Amino acid sequence: MSPRVLVLRAPGTNCDKETAFAFEQAGGTTRPAHVRELLDNPQLLNEHQVLAIPGGFSYGDDIASGRILGNQLRLRLAEALLEFRDAGKLVLGICNGFQVLMKTGLLDVDDAEGPQATLAWNNNGRYEARWVKLGVAPGECVFLSGLDEIELPVAHAEGKFVVRDQATLDALAASGRLVLRYTPVGEPALATAATMAPAVPYPANPNGACGDVAGICDTTGRVLGLMPHPERFLFAHQHPQWTRNGLTGDGAGMKLFENAVKYFA
Ligand SMILES: NC(=O)CC[C@H](N)C(=O)O
């Protein structure tokens, strides 16, 4: 079965077309939806197996990146979204989509005292657009299955993963949820423990993220949020060194979308 993918957009979303294209290339069937449409008709979720929240600047990044769209989803659709996840379906949040997911409750980062983790401004206070190398620890994460490292571009100003304290970071690590971590080029992936002060220096860790974390999954492994953009590496020639490195065929980012499609095969 070719899974049906609902690609959500809000005012300011700008990676929805690319994200839909990626799922289509991988064999999925996509359907774009403006957030108003989904709020008016949450039944749309029942007709889809994957929910994708693409990158961009939803609501102009006002208040905090992803806050307004995240609140719309949390306050109006929390139950429907949890039902969606618990029905064995998949949710992917890329960049702004990750910022949104962090604020919806779908990534299981909240406790009685509030959020245990969030995404804050990059350490240098600037927008960072560069390719990064990531160590992948897929564990239960459906999207990352079969990957151990991957290069992808990042493009964000508010992508620094921060956690409440070291104990929280340890707990996330122990439960296998720190699935993507920045790694210096030429060094083995995931060689260091996740610590509050990042072990990987700038620019390999482009934002100063705690534990060098670039992406996390929820407790089920079916919800993934990541700052890097897999939909921008679907073809080898999108890599800045594709000729030098002799890359051909698909880009490594394609794997995430293929994994999602295969999951329903
Ligand atoms: N590429 C994106 O999704 C942009 C991310 C974002 N809103 C930021 O600058 O932090």
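A residue is buried if 20 or more other C-beta atoms lie within 10 Å of its own, exposed if 12 or fewer, and partly exposed in between. The model described here is predicted.

**Loop residues with particular backbone geometry**

- Asp-108 is found in the loop between α4 (96–102) and β5 (110–111), and its phi is near 55°, a positive value in a residue other than glycine.
- Asp-108 is partly exposed, because 18 other C-beta atoms lie within 10 Å.
- Asp-212 belongs to the loop between β11 and β12; its phi is likewise near 55°, positive although the residue is not glycine.
- Is Asp-212 buried or exposed? Asp-212 is buried, since 27 other C-beta atoms lie within 10 Å.
- The loop between β11 (180–183) and β12 (213–217) also contains Pro-203, which is joined to Tyr-202 by a cis peptide bond with omega of about 0°.

- Strands β1 and β2 pair in the parallel sense over six bridges, and Arg-4 stands opposite Thr-29 in β2.
- Val-5 is a residue of β1 and is buried, because 26 other C-beta atoms lie within 10 Å.
- Leaving aside residues up to four places away in sequence, Val-5 touches Phe-23, Gly-28, Thr-29, Thr-30, His-48, Val-50 and Ala-52.
- Val-5 and Ala-20 are 15 residues apart along the chain, and their C-alpha atoms are separated by 8.0 Å.

**Helix α1**

- Which residues of helix α1 (residues 16–25) are buried? They are Asp-16, Thr-19, Ala-20, Ala-22 and Phe-23.
- These residues cover an arc of only 155° around the axis, and therefore lie on the same side of α1.
- An α-helix has 3.6 residues a turn, so residues three or four places apart point the same way.
- The cover over the buried residues of α1 includes β1 (4–9), β2 (29–34), β3 (50–53), β4 (90–94) and α6 (254–263).
- Just after α1, Gly-27 adopts a positive phi of about 105°.

**Helix α6**

- Helix α6 is largely enclosed by the rest of the structure, because seven of its 10 residues are buried.
- The buried residues are Lys-255, Leu-256, Phe-257, Glu-258, Asn-259, Ala-260 and Val-261.
- Elements that cover the buried residues of α6 include α1, β3 and β4.

- Strand β7 (residues 117–120) has a covered face formed by Ala-117 and Leu-119, and an uncovered face formed by Thr-118 and Ala-120.
- In a regular strand the side chains alternate between the two faces of the sheet.
- Strand β7 runs antiparallel to β10 (residues 160–163), and four bridges join the two.
- Within this pair, Ala-117 stands opposite Val-163 in β10.

**Ligand shell**

- The ligand is surrounded by 13 residues, of which the closest are Gly-55, Cys-95, Asn-96, His-156 and Glu-158.
- By residue class, the shell around the ligand consists of five nonpolar, six polar and two charged residues.

How values were computed:
Residues numbered from 1 in each chain as written. Predicted model: local features only at pLDDT ≥ 70, side-chain atom pairs only at ≥ 80, totals over all residues. Near = placed C-beta within 6 Å. Nonpolar A, V, L, I, M, F, W, Y, C, P; charged D, E, K, R; others polar. Pairing = 2+ DSSP bridges. Arc of directions from axis to C-beta. Contact = placed C-beta atoms within 7 Å.
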